[in-house]
Amino acid sequence: MLSFLRRSFTNEYFQLLPKQLCNELDKFIIGQPDAKKAVAIALRSRWRRKHLPEEIRSEVTPKNILMIGPTGCGKTEIARRLAKLCGAPFIKVEATKFTEVGYHGRDVDQIIKDLVTAGIHQARENIKQKMKAFTPQISAMVDNYILHHILGPDFPDNERKAKKLELLRSGKMDMRIISLEQPDIEKIVSKLGNEALSVEEYLEALKSFVPGRSLNAFRERVTIGEARKAGVTLIVDSYTRDQNIVKDALDSVQESGIVFIDEIDKIASPADAIRTGTNPSAEGVQRDLLPLIEGTMITTKHGDVQTDHILFIASGAFSDTKPSDLLAELQGRLPIRVTLNSLTKEDFKHILKDTENSLIKQNIALLKTEGISIMFTDDAIDRIAEIADEVNKTVENTGARRLITVVEKVLEEISFNAPEVEKNIEINAEYVNSKTKDLIKVADIRKHLM
């Protein structure tokens, strides 16, 4: 079990060279090469650390990162994609949600507790993903079990039984109601001892179970279609629940966990500033973060967690403050500093055209479910990017999130009236202009406001 979880948390992306990892990030995030390079090196350093001799491995700690850049430029997305690529336990928190110890509110220890919860959840999901490879075997087992209810456990193997099984698997009997005996899976597995079972051993043990011969044992009446789905779910969930994954999840949190602390600039204040505001404990939160990032032991309900080798990535816009306004000790614990640039009109074009599952592709797929085929011309995409850039400059710079506003405005009428609209729609620059004139008007008005 431990070896499986280690493979889950160190998949093929974990083996990638920094350049290769940057190429993977390029599929989802446009620009920001410095930030991508920093996180790629951080991930590769983890791979290098695992190949060090034991006596030096414990001395090598992650080089935590501070990302500086305006909202919507990709800070969070880079960290999230990094965690997804390497299969690491990941959590995003906002620094403003925490208070200094002694104030009413959440203290920073909760960050690690939430990370452990995320790690355990991810471990369970990894096991379920592994179980998908055994779906045909599990489905066949459930079908045979239901067939025992229909024909009886002692029915001989003959042509009639084969025909019934074929009808069952084809789904033609899904609406038929049967009395179903819920198998006591835990009782079956307990007979094999307390050792952790492989999936193969677990499924082999379940083959021995057949329904009882007395109708009194039947507990509920369900359709065959419901019974088939419920049976597969029961087998998968029972195996997942019975696995002792907590220790292994704690190990992966300690060795591979990633914590993304957003809005860290909101708890920074200049040394000569008056200590007032909505968060009087802001400096205290910084002090509480110091041992967490440096490395300490946090007690959770699942066990103790050492934070020495967890990678911390902090980020903030620093529009009203600067990184040097953070406590000097906290700056020292975030030694890698990268600056992300504001996105330009050209960046917006690439985001709409070149990223995997881009906003354009998502909306095309969504409307296709209504039987509507839409096509964006190149000049339409160029105009959307141009409007997003213009509104960002004149109203408020929300970065790539502005594209969502513009695209939703363009498609608002089509989405509202679907499916009672034309089935083939071409969206060009003229169409974009007609649907976004209110956005442009607001931007023009703001130019004249003092």
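K409 counts as partly exposed, at 26% relative accessibility; that class lies between buried, under 20% relative accessible area, and exposed, over 50%, with a 1.4 Å probe and protein chains only. The side chain of K409 meets that of E412 in a salt bridge, at 3.8 Å from N to O. By salt bridge I mean a side-chain nitrogen of Lys or Arg within 4 Å of a carboxyl oxygen of Asp or Glu. E412 is likewise partly exposed, with a relative accessible area of 47%. Why can these two side chains meet? They are three residues apart in helix α18 (residues 401–417), so about one helical turn separates K409 and E412. Helices here are DSSP runs of H or I with at least four residues, numbered from the N terminus.

A word on the basis of these values. The model is predicted: local features need pLDDT of at least 70, side-chain atom pairs count only at pLDDT 80 or more, and totals for chains, interfaces and linings use all residues. Residues are numbered from 1 along each chain as its sequence is written, and side-chain values use heavy atoms, with hydrogens and water left out.

To continue with charged pairs, a search of the whole structure finds 27 salt bridges. One of them joins R81 and E77, at 2.8 Å from N to O. These residues are four apart in helix α5 (residues 75–86), and therefore about one helical turn separates them. R81 is partly exposed at 22%, and E77 is partly exposed at 26%.

The pair K322 and D325 also forms a salt bridge, with the closest N and O atoms 3.6 Å apart. Here K322 is partly exposed, at 46%, whereas D325 is buried, with a relative accessible area of 12%.

I turn now to the nonpolar cores. A nonpolar core is a set of buried Ala, Val, Leu, Ile, Met, Phe, Trp, Tyr and Cys residues joined through side-chain atoms within 4.5 Å. The largest has 67 residues, of which I111, I235, I264, L289 and L330 touch the most other members. Where does this core lie? It lies between domain 1 (1–122 + 250–339) and domain 2 (127–244), because both give residues to it; the bounds come from an automatic or database domain assignment.

Which residues does L289 touch? Leaving aside residues up to four places away in sequence, L289 touches V108, I111, I261, I267 and L330, contact meaning heavy atoms within 4.5 Å.

Key. Helices (H or I, at least four residues) and strands (E, at least two) are DSSP runs, numbered from the N terminus.
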